[in-house]
Amino acid sequence: MPEVKSALPPALQHPLLQTPHAMFCRLGGVSAGPFATLNLSCHVGDKQDLVQENRRRALAALGLRQLVALQQVHADRVLLLDHMPESGEFSGFDAVITNVPGLALLIQQADCQAVLLHAPGRRVVAAVHCGWRGSVANIIGKTVARMRSAFGVRPAELRAVVSPSLGPCCAEFITYKQELPAWMHAFAATGKPAHFDFWAMSARQLATAGVPAAQIGIMGICTCCNHGYFSFRRAKRENGGLCGRNGSMIGLAAR
Ligand SMILES: [Zn+2]
């Protein structure tokens with residue numbers, strides 16, 4: 001009997017990233033209700049066995065060996081993995097860097113950005129969870145700096161892609177004068193009061209960190225407008241904020 005493989009969940013990729021990676025939408029999983037269907041977070045109230053099946057499918061889509069998930073806290077700590085870890089779950093980090101082939105670095109988001117980074121020459125990858133607090137803390141710049149100090153990655157060789165996430169169409173911050181520092185006010189979206197372009201902010205932070213503009217990709221898909229994605233903002237309007245998390249992943253293939 002030939003082996004029957006279950007269908008892999010649909011995902012977007014970007015041509016800048018010449019390494020296994022995927023930006024998943026909410027389709028292709030087994031979860032139900034507000035988590036339907038490809039919820040990749042263990043911490044939003046979904047059934048654990050369903051999340052594990054969803055994660056198995058996501059890992060299979062990348063063809064890698066072990067998934068690494070962060071219990072993200074909207075801060076700026078960066079996890080460094082230079083050997084195969086015993087466990088795949090780490091709490092208190094919002095970014096992870098590795099040079100270990102076979103690891104699939106997972107970021108879980110529902111409007112926040114996943115920023116996927118690849119240094120082809122050094123064979124190093126990183127995944128960053130970046131919401132507005134991450135933008136304020138410049139977790140992107142800190143991750144690029146750590147890739148350099150730990151693995152000798154030159155920012156000029158980095159390729160970076162910002163996943164589907166909250167777009168300028170929906171990123172309204174009524175209390176931006178209290179919440180967002182002054183430098184961010186320059187990134188106001190045109191024609192919409194109190195809306196901000198966090199995609200452009202991340203592109204700026206990547207460029208400031210030394211990543212060439214031609215090596216920065218923005219997917220440009222708003223998770224709040226597009227019902228194919230989990231969106232915390234949309235869920236807040238509809239049911240008090242209960243929703244799953246989209247996943248974005250990157251890793252290195254075994255040689
Ligand atoms: Zn939108």
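This is a predicted model: local features need pLDDT of at least 70, side-chain atom pairs count only at pLDDT 80 or more; totals for chains, interfaces and linings use all residues.

Biologist: What makes the pair of Phe173 and Phe198 tilted?

Modeller: The ring centres are 5.4 Å apart and the planes sit at 45 degrees. Planes under 30 degrees apart would be stacked and over 60 edge-to-face, with the rest called tilted, so 45 degrees makes this pair tilted. The pair also links distant parts of the chain, 25 residues apart: Phe173 is in the loop between β10 and α4, while Phe198 is in helix α5 (residues 198-208).

Biologist: And are those two buried or exposed, and how do you know?

Modeller: Buried means under 20% relative accessible area. Phe173 comes out at 6%, so it counts as buried, and Phe198 at 6% is buried too. Together with Trp132, they form one aromatic cluster.

Biologist: Why is the pair of Tyr176 and Phe196 called tilted?

Modeller: Their planes are at 55 degrees, with the centres 5.0 Å apart, so this pair is tilted. Tyr176 belongs to helix α4 and Phe196 to the loop between α4 and α5, so the pair ties together parts 20 residues apart in sequence. Phe196, at 2% relative accessibility, is buried, but Tyr176, at 21%, counts as partly exposed.

Biologist: How do you know that a charge sits over the ring of Phe93?

Modeller: The distance part of the rule asks for CZ of Arg within 6 Å of the ring centre. The charged end of Arg77 is over the ring of Phe93, 4.3 Å from its centre. Arg233 likewise lies over the face of Phe173, at 5.0 Å from the ring centre.

Biologist: Which parts of the chain do Cys169 and Cys225 tie together?

Modeller: Cys169 is in the loop between β10 (159-162) and α4 (176-179), and Cys225 in the loop between β11 (216-218) and α6 (232-239), so they join parts that are 56 residues apart in sequence. At 31% relative accessibility Cys169 is partly exposed, and so is Cys225 at 44%.

How values were computed
Residues are numbered from 1 along each chain as its sequence is written. Side-chain values use heavy atoms; hydrogens and water are left out. Helices (H or I, at least four residues) and strands (E, at least two) are DSSP runs, numbered from the N terminus. Buried means under 20% relative accessible area, exposed over 50%, partly exposed in between (1.4 Å probe, protein chains only). Rings of Phe, Tyr and Trp (its six-membered ring) pair if their centres lie within 6.5 Å; planes under 30 degrees apart count as stacked, over 60 as edge-to-face and the rest as tilted. A charge sits over a ring if NZ of Lys or CZ of Arg is within 6 Å of the ring centre and within 35 degrees of the ring normal.
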